[in-house]
Amino acid sequence: MRKTTKRLYLIPVLSKALDILELLQLENQQISLEAIYRKTKISKTTVYRILKTFVHRGYVSQSQDGLYRHVSRPRKVRFGFGSQSTEMPFSNAVTASLKLAAAASGVDLVILDNSYHGPTAIKNAEQFVEKGVDLIIEFQVEQSVAPIIADKIAAANIPLIAVDIPHPHATYFGVDNYRAGVEAGEALAAHAAHKWSGRADWVLGLDLAEAGQLVQSRITGVFEGVRESFPELPVECFVRMDGRGMREHSRKLVAGFLQRHSKDKHILIGAATDTSALGALDAVRELKRERHVAIVGQDCIPEAEDEIRKPSSPFIGSVSHEAGSYGERLIHLGLSLLRGQTAAPYNYVSHRLVTRDNLPPA
């Protein structure tokens, strides 16, 4: 005879999670993990992991004394994200990371492209306000428009997280620019010590002036990192140039410098971004000055990694800002702010120096 019993396609851990959520809804008060374990007969380890997931997703709150309570969720949380530019590899990596983290946390993410342009960033901020998002994550490059953007967002009483560029009223999230610069400078100094018998004629800093003083401290750090090893190098040998974080603009600046100093053979270049550093590399190769120059960038984008792997490339290293970690931490920080939790004014990401010695094969 044919079996008529229908097979139930159940997911055991999901059933347990719903049992816990329904218990919390029924209790409608704070309850301990121990009490949930006793009432549901689910293992403590499973109860703990389910509760932590609910807290992370915003379905459950946890008090300072460790008690749990159901949180009413009338609708999904919406974050607005103003990306730096779809034409910048580092910006795209941050956006990809944020998309993944938002999807994993159940956050609706509204993305607008700031196009590396201040006026566009202002318009995008206005759109976020009009859309009524719950929180805004701003990643735009022009320090001059930061107060305008921040004022519009503050007037709408929307929490703001500023990525890499500080904004008034905002919680900062990004790299420790000065320390990242120091490590780049130390790498350049080590190259001069080992490859050029401790000689350095010039130290060029390809800056990003429009981003403001905090980002400019990357180049300040580069110079200090070199000075630690070469304290007697005259101040006149340290030259800042505004590469604007752009490849072609940086190429022209470096090409002009190399042409003016055609006889100098020991030139160290620290760049505020890898895109700018790649522009310097283009100039060096055009003028066939590879043996006379060493370059270290910031961001560790894929094209920079490819160059670092080449034994003969003057692109010797880059400071990775770990773009893949931005998304999860930004979403967590944003949800914490919406819950009224206190956040540090400056939230630094991890960074690490990447060279041929520690970069895995492609």
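How many bridges pair strand E8 (residues 202–207) with strand E10 (residues 267–271), and in which sense? Select the two strands and you will find five bridges in the parallel sense.

**Before you click further**

You are looking at a predicted model, in which local features need pLDDT of at least 70 and side-chain atom pairs count only at pLDDT 80 or more, while totals for chains, interfaces and linings use all residues. Residues are numbered from 1 along each chain as its sequence is written, and side-chain values use heavy atoms, leaving out hydrogens and water.

Colour by pLDDT, the predictor's confidence in each residue, from 0 to 100. The chain has a mean of 93, and 97% of its residues reach 70 or more. Now select residues 1–5: pLDDT stays under 50 there, and the model gives this stretch zero contacts beyond four places in sequence (contact means heavy atoms within 4.5 Å). Where pLDDT is low, the predicted coordinates should not be read in detail.

Go back to E8 and E10. Trp-202 has Ile-267 in E10 as its bridge partner. Both strands belong to an open sheet of six strands with mixed pairing, in the order E9-E8-E10-E11-E12-E14. At its edges are strand E9 (238–242) and strand E14 (352–355), each pairing on one side only. Strands here are DSSP runs of E with at least two residues, helices are runs of H or I with at least four, and both are numbered from the N terminus; two strands pair if DSSP finds at least two bridges between them.

**Stop two: the parallel sheet**

Next, select the open sheet of six strands ordered E4-E3-E5-E6-E7-E13, where pairing is parallel. Strand E4 (108–113) and strand E13 (346–348) are its edge strands. Inside this sheet, three bridges join strand E5 (residues 135–138) to strand E6 (residues 160–163); look for Glu-138 opposite Ala-162 in E6.

Helix H5 (residues 118–131) lies across strand E3 (78–83), E4 and E5, at about 155° to E4. Helix H12 (residues 326–338) touches E3, E5, E6, strand E7 (171–174) and E13, and its direction makes about 170° with that of E7.

**Stop three: the empty space**

Rolling a probe the size of a water molecule over the atoms shows where empty space is left. On a 1 Å grid over the protein atoms alone, a cavity is a set of points where a 1.4 Å probe fits but cannot get out; a pocket is an open set with protein on both sides within 12 Å along at least five of seven lines; lining residues have an atom within 4 Å of a point. Grid points are joined across faces, edges and corners, and a volume is the space filled by probe spheres set on the points.

The structure holds one cavity of 30 Å³ or more. The largest cavity has about 190 Å³ of space. Of its 18 lining residues, select Gln-84, Leu-208, Arg-218, Thr-273 and Asp-299, the closest to its centre. Helix H4 (89–105), helix H8 (213–229) and helix H10 (274–286) each supply at least two residues of the lining.

Finish at the second largest pocket, with about 230 Å³ of space. Helix H7 (residues 177–195) gives the largest share of its lining, five residues.

How values were computed: Axes fitted to C-alpha atoms, helices over the stretch in contact; angles between N-to-C directions.
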